[in-house]
Amino acid sequence: MPDEIPDASLGCAAHGIGGMPELVELAVVLTATVARVAEEHELTPMQGRLLCGLGDQPQRMVDLAQLLGIEKAALTGLVDRAERRGLLERGPVPGDRRAVQVSLTDAGTQAVAAFEAGVTSALDGLLATLPVEDRPEFRRLASAVVVAARGARAA
């Protein structure tokens, strides 16, 4: 008898992965959603994260690398590509001649606003499947998981 192909709708459990397969599947859905929105805005998901990480003030390269969870060398390439597109610019860090900081350009500010609005809209659409009264609790629980994971990563 030929090998059966697991039903993808069964998630990770069909592949023998234990734990909480719903969370793994949720991660897949969220990653795909962010990737789709990024593509709609001519960004990669990592470029979207980079722009969001910059916020309203310049960030040092070392801090951005840590925020994004990537090596400084990988960040350099990411920043190079975004800089060529006119989304951000590098500059000196006041008081530290060796350090470099990155800041959004006007085009970058517009791009991050559009990306954030698109992601918010897409995620709101996903949360619309939950009863209205359950949404704040879902967000609170998701936030608790994220905070705990970041704390464990920092330790």
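Modeller: What follows is a set of labels, each set against its cut-off, for a model that is predicted.

Biologist: What makes up the protein chain, and how do its elements follow one another along the sequence?

Modeller: There are 6 helices and 3 strands. Their order is α-α-β-α-α-β-β-α-α.

Biologist: How much of the protein chain counts as buried?

Modeller: Buried residues are 25% of the 155 residues. The label requires a relative accessible area under 20%.

Biologist: Which residues have the most contacts inside the largest nonpolar core?

Modeller: They are Leu50, Leu51, Leu75, Val79, Leu88 and Val102, in a core of 23 residues. Helices H1, H2, H3, H4 and H5 and strand E3 each give two or more residues to this core. H5 gives the most, with 5 residues. In soluble globular proteins, nonpolar side chains tend to be buried together.

Biologist: What does Leu51 contact, apart from its neighbours within four places in sequence?

Modeller: Leu51 is in contact with Leu43, Leu87, Leu88, Leu104, Ala111 and Val112.

Biologist: How do you know how H2 and H5 are oriented to each other?

Modeller: The axes of H2 and H5 cross at roughly 110° and come within 9 Å. Angles of 65 to 115 degrees count as roughly perpendicular, so H2 and H5 are given that label. The crossing of H2 and H5 is left-handed. Gly48, Arg49, Leu51 and Cys52 in H2 meet Ala111, Val112, Phe115 and Glu116 in H5.

Biologist: What is the label for H3 and H4?

Modeller: For H3 and H4 the crossing angle is roughly 100°, and the axes come within 9 Å. The range for roughly perpendicular is 65 to 115 degrees, so H3 and H4 are roughly perpendicular to each other. Met61, Leu64, Ala65 and Leu68 in H3 meet Lys72, Leu75, Thr76, Leu78 and Val79 in H4.

Biologist: Why is the pair of Arg90 and Asp80 called a salt bridge?

Modeller: The closest N and O atoms of Arg90 and Asp80 are 2.6 Å apart. The requirement is a Lys or Arg side-chain nitrogen within 4 Å of an Asp or Glu carboxyl oxygen, and the pair is therefore a salt bridge. Arg90 lies in strand E2 and Asp80 in helix H4, so the pair ties together parts that are 10 residues apart in sequence. Arg90, at 29% relative accessibility, counts as partly exposed. Asp80, at 27%, also counts as partly exposed.

Biologist: What is the N to O distance between Arg90 and Glu83?

Modeller: The closest N and O atoms of Arg90 and Glu83 are 2.5 Å apart, and the two form a salt bridge. Glu83 has 30% relative accessibility and counts as partly exposed.

Biologist: What separates Glu137 and Arg140 in helix H6?

Modeller: Glu137 and Arg140 are 3 residues apart in helix H6, or about one helical turn. Their side chains meet in a salt bridge at 2.8 Å, N to O. Glu137 is partly exposed at 38% relative accessible area, and Arg140 is partly exposed at 48%.

Biologist: How many salt bridges does the structure hold, and which residues are linked in a network?

Modeller: The structure holds 7 salt bridges. Arg60, Asp63 and Asp96 are linked in a network of salt bridges.

Biologist: What share of the contacts joins residues 24 or more positions apart?

Modeller: Among contacts with a separation of 6 or more, such residues account for 45%.

Key
Residues are numbered from 1 along each chain as its sequence is written. This is a predicted model: local features need pLDDT of at least 70, side-chain atom pairs count only at pLDDT 80 or more; totals for chains, interfaces and linings use all residues. Side-chain values use heavy atoms; hydrogens and water are left out. A nonpolar core is a set of buried Ala, Val, Leu, Ile, Met, Phe, Trp, Tyr and Cys residues joined through side-chain atoms within 4.5 Å. Buried means under 20% relative accessible area, exposed over 50%, partly exposed in between (1.4 Å probe, protein chains only). Helices (H or I, at least four residues) and strands (E, at least two) are DSSP runs, numbered from the N terminus. Contact means heavy atoms within 4.5 Å. Axes are lines fitted to C-alpha atoms, for helices over the stretch in contact, and angles run from 0 to 180 degrees between N-to-C directions. Angles under 35 degrees count as roughly parallel, over 145 as roughly antiparallel, 65 to 115 as roughly perpendicular and the rest as oblique. A crossing is left-handed if the near helix is turned anticlockwise from the far one by less than a right angle, and right-handed if clockwise.
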